Amino acid sequence: MTRPLAERVGRLGTESAFEVLRRARALEAEGRDVIHLEIGQPDAPTPGPVVEVAVEALRGGAHGYVPTLGLPELRAAVAADASARRGIEVDPADVVICPGGKPVMSFVFLALVEPGDEVLLPDPGFPIYRSMVEFCGATAVGVPLRAANGFRADPDEVASLVTERTKLLVLNSPNNPTGGVSTDDDLAALAALARDHDLWVLSDEIYSRLQFDAPFRSIVAEEAMAERTVLLDGHSKTYAMTGWRLGHAVAPAVLVPHLERLLVNTVSCTPPFTQLAGVEALTGDQSPTERMLATYRRRRDLVVDGLSGIDGITCHPPGGAFYAFPDITGTGLDDVTFADRLLADAGVATLAGSGFGPHGAGHLRLSLAASDADLTEALDRLAAFVAGLSAH
């Protein structure tokens with residue numbers, strides 16, 4: 001007789017991107033040509049100087065354990081960068097280095113959220129938010145993000161969702177999957193709401209350097225917000241370092257020891273050669289990131305224009321990140337069927353919007369982290385696929 005599994009593992013969700021990638025790779029193994037717009041990964045390489053620092057670190061013996069909270073030089077570099085870009089004073093002692101951004105969100109939920117609590121999170125939003133909240137036994141309450149509002153959280157609607165059980169508010173601007181960006185007025189109103197209701201805030205700013213049309217602003221810079229906000233950021237998207245697994249939190253001092261213990265109990269520390277490469281990324285030449293941003297902005301325009309010319313599809317221009325989130329309800333197919341058939345029939349891998357929450361239904365997520373040629377070909381295939389639907 002096999003003993004049953006712990007009930008909580010059944011509450012864990014997943015990311016559809018990796019499942020679609022697996023299916024796309026299987027089609028390629030059969031000889032099919034597939035254009036990959038499913039995975040959220042920069043198509044640019046990690047900058048050469050960053051790679052060289054890691055190589056030299058390995059050759060120099062950076063192979064062992066290091067302090068759990070991170071190397072002092074990286075914590076200092078993160079603090080200086082966060083201070084300069086967010087307009088606040090960050091103490092290196094409040095910086096927590098993690099192997100990727102997901103441990104930050106997981107540890108924050110584990111440290112703050114209990115059964116019976118409610119967590120407000122973006123819908124559509126990164127699916128791991130909901131997965132980890134529910135794993136902790138709490139209730140995930142979706143904050144609708146709508147194209148009509150630029151895929152921004154409406155502070156009045158957020159206020160209407162707050163109850164006596166609300167413990168934490170999750171923000172993600174620029175947003176994955178929509179590219180929505182909070183305005184300064186939004187952030188001021190949400191900060192006031194958090195103060196009035198004594199809420200913690202997790203501000204996921206992993207795409208903060210990839211904002212197209214306005215300077216980035218963080219809620220942590222609002223009055224009295226540093227003491228209740230955990231800022232999540234990292235190197236994956238900004239510096240094309242997804243596989244390096246390097247993220248960080250800037251957290252209120254009261255929370256840092258608890259995050260440290262969670263790190264000790266799970267991963268011990270983040271690899272030292274990765275951290276040293278991270279110092280170079282933050283303090284070295286920033287022109288590769290600037291070129292990446294310009295490239296994504298150009299691709300944003302290319303894709304939005306192309307999608308807008310297809311009958312049955314509309315697309316709100318994303319304000320940041322590297323995704324487009326078109327509405328495909330006018331084609332007559334639901335988003336899951338549309339994405340499945342688009343991959344099987346046209347060889348274009350995308351993600352169904354409903355995988356990011358109920359309010360993502362009827363949409364697709366397309367990654368802009370593909371070459372101009374691939375994006376143009378994908379748009380042609382998409383147009384032909386939709387034309388074929390109307391012909392039947």
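## Nonpolar cores

A nonpolar core is a set of buried Ala, Val, Leu, Ile, Met, Phe, Trp, Tyr and Cys residues joined through side-chain atoms within 4.5 Å. Buried means under 20% relative accessible area, exposed over 50%, and partly exposed in between (1.4 Å probe, protein chains only). This is a predicted model, in which local features need pLDDT of at least 70, side-chain atom pairs count only at pLDDT 80 or more, and totals for chains, interfaces and linings use all residues. Residues are numbered from 1 along each chain as its sequence is written, and side-chain values use heavy atoms, with hydrogens and water left out.

The largest nonpolar core holds 73 residues. Phe109, Leu168, Leu202, Leu307 and Phe338 have the most contacts inside it. Helix H12 (residues 372-391) gives the largest share of this core, 7 residues. Helices (H or I, at least four residues) and strands (E, at least two) are DSSP runs, numbered from the N terminus. Another core lies apart, with 21 residues, including Leu74, Val78, Val95 and Leu246.

Contact means heavy atoms within 4.5 Å. Leaving aside neighbours within four places in sequence, Phe338 is in contact with Ile328, Thr331, Leu333, Leu364, Leu382, Phe385, Val386 and Leu389.

Leu342 sits in helix H11 (residues 335-346). Leu342 is buried, at 1% relative accessibility. Beyond residues up to four places away in sequence, Leu342 touches Gly347, Val348, Thr350, Leu364, Leu382 and Phe385. Val386 is 44 residues from Leu342 in sequence, with 9.1 Å between their C-alpha atoms.

## Helix H5 and the cysteines

Helix H5 (residues 127-135) is largely enclosed by the rest of the structure, because 7 of its 9 residues are buried. The buried residues are Pro127, Ile128, Tyr129, Ser131, Met132, Val133 and Phe135. Their cover includes helix H4 (101-112) and strands S3 (118-123), S4 (139-144), S5 (166-172) and S6 (200-204). Gly137 follows H5 with a positive phi, near 85°.

The count of disulfides (pairs of cysteine sulfur atoms within 2.5 Å) comes to 0. The sulfur of Cys136 is 15 Å from the closest cysteine sulfur, in Cys98, so it is too far for a bond. Cys136 is buried at 11%. Cys315 is buried at 10%.

## Thr68 in its loop

Thr68 lies in the loop between helix H2 (48-59) and helix H3 (72-86). Thr68 is buried, with a relative accessible area of 16%. A polar atom of its side chain lies 3.0 Å from the backbone oxygen of Ser268. Leaving aside neighbours within four places in sequence, the contacts of Thr68 are Ile97, Glu260, Leu263, Val264, Ser268 and Cys269.

## Salt bridges

A salt bridge is a side-chain nitrogen of Lys or Arg within 4 Å of a carboxyl oxygen of Asp or Glu. The whole structure has 26. Arg209 and Asp81 form one (2.5 Å, N to O). This pair links distant parts of the chain, 128 residues apart: Arg209 is in the loop between S6 and strand S7 (229-234), Asp81 in helix H3. Arg209 is buried at 18%, and Asp81 is buried at 16%.

Asp233 and Arg86 form another (2.9 Å, N to O). Asp233 lies in strand S7 and Arg86 in helix H3, so the pair ties together parts 147 residues apart in sequence. Asp233 is buried at 4%, and Arg86 is buried at 5%.

Asp213 and Arg300 also meet in a salt bridge (3.2 Å, N to O). Asp213 is in the loop between S6 and S7 and Arg300 in helix H10 (residues 287-308), so this pair joins parts 87 residues apart in sequence. Asp213 is exposed at 56%, whereas Arg300 is buried at 7%. Shared partners join Asp81, Arg85, Arg86, Glu205, Arg209 and Asp233 into one salt-bridge network.

Notes
Polar contact = N/O pair within 3.5 Å; in protein donor to acceptor, adjacent residues only side chain to side chain.
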